Amino acid sequence: MNKKLVVFTGPSAVGKATIEKHLFNDESLKLELSISATTRRPREGEIDGVHYYFISGEEFDKKIKNNEFIEWNEHFSNKYGTLKSEINRIIDKGNVPFMEVEVIGAMNILENYKDEETISFFIRPPSMKELENRIRARGSETEEEISERMARVYDEMTFINKFQHVVVNDDVMKAVENVTNIIKGNK
Ligand code: 5GP
């Protein structure tokens, strides 16, 4: 692969994680998830060093000061960031770092790399109404939280043109096929 990094973004609840699971099952792509550092607490079943590096706010701030992050951002009151050491670890193994980050973080990454070094994806919902339905169907948020989330999504959608590839997540398997073909086409 000529490209060094895959940057994968899109509004939350758009279904990025489901697409990713399929991508990582395809060994020929040699993708390896870049494990981010975060100050948020682990959810049930999440393992330190597998899903995230779970660190304290203090540790996180120290790493910011030491310039250890490629990018970091605050998301729903927690900090998330991509460590330079993590990207190097993956490249040294001969794999391709795959970064799943929220939209602003993804834009910050793109600013630090040349266009030809990255394959960037923005995963979008079939429609805003459909995304709202999906969030509502999870039933975990209040009306106020849903409105806040949707306002953020509208904001994030304005950056869609900054990404090299826009893939609609209507049918998951079709989205997986599209992303796979794009990555393979960059080899
Ligand atoms: P969650 O808390 O649900 O795991 O993730 C919340 C959001 O943080 C998601 O949109 C995810 O893409 C984003 N995120 C995860 N890792 C990083 C990172 O390293 N940097 C940034 N900017 N966002 C991240």
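**Exercise 1.** Let's start with Gly 81: find how far one of its backbone N or O atoms lies from an oxygen atom of the ligand.

*Solution.* The distance from the backbone N or O atom of Gly 81 to the ligand oxygen is 3.2 Å. A polar contact is a pair of N or O atoms within 3.5 Å; within protein, one must be able to donate a hydrogen and the other to accept it, and residues adjacent in sequence count only if both atoms are side-chain atoms. Next, look at the side chains: an N or O atom of Arg 40 is 2.6 Å from a ligand oxygen, and for Tyr 52 the value is 2.5 Å. Finally, turn to area: the ligand taken alone exposes 510 Å², of which the protein buries 89% (Shrake-Rupley method, 1.4 Å probe).

A word on the model: it is predicted, with local features needing pLDDT of at least 70 and side-chain atom pairs pLDDT 80 or more, while totals for chains, interfaces and linings use all residues. Residues are numbered from 1 along each chain as its sequence is written, and side-chain values use heavy atoms, leaving out hydrogens and water.

**Exercise 2.** Work out where Thr 82 is placed and whether Thr 82 is buried or exposed.

*Solution.* Then check its relative accessible area: the value is 1%, so Thr 82 is buried (under 20%; exposed is over 50%, partly exposed in between, with a 1.4 Å probe and protein chains only). Lastly, follow its side chain, which makes a polar contact of 2.8 Å with the side chain of Glu 71.
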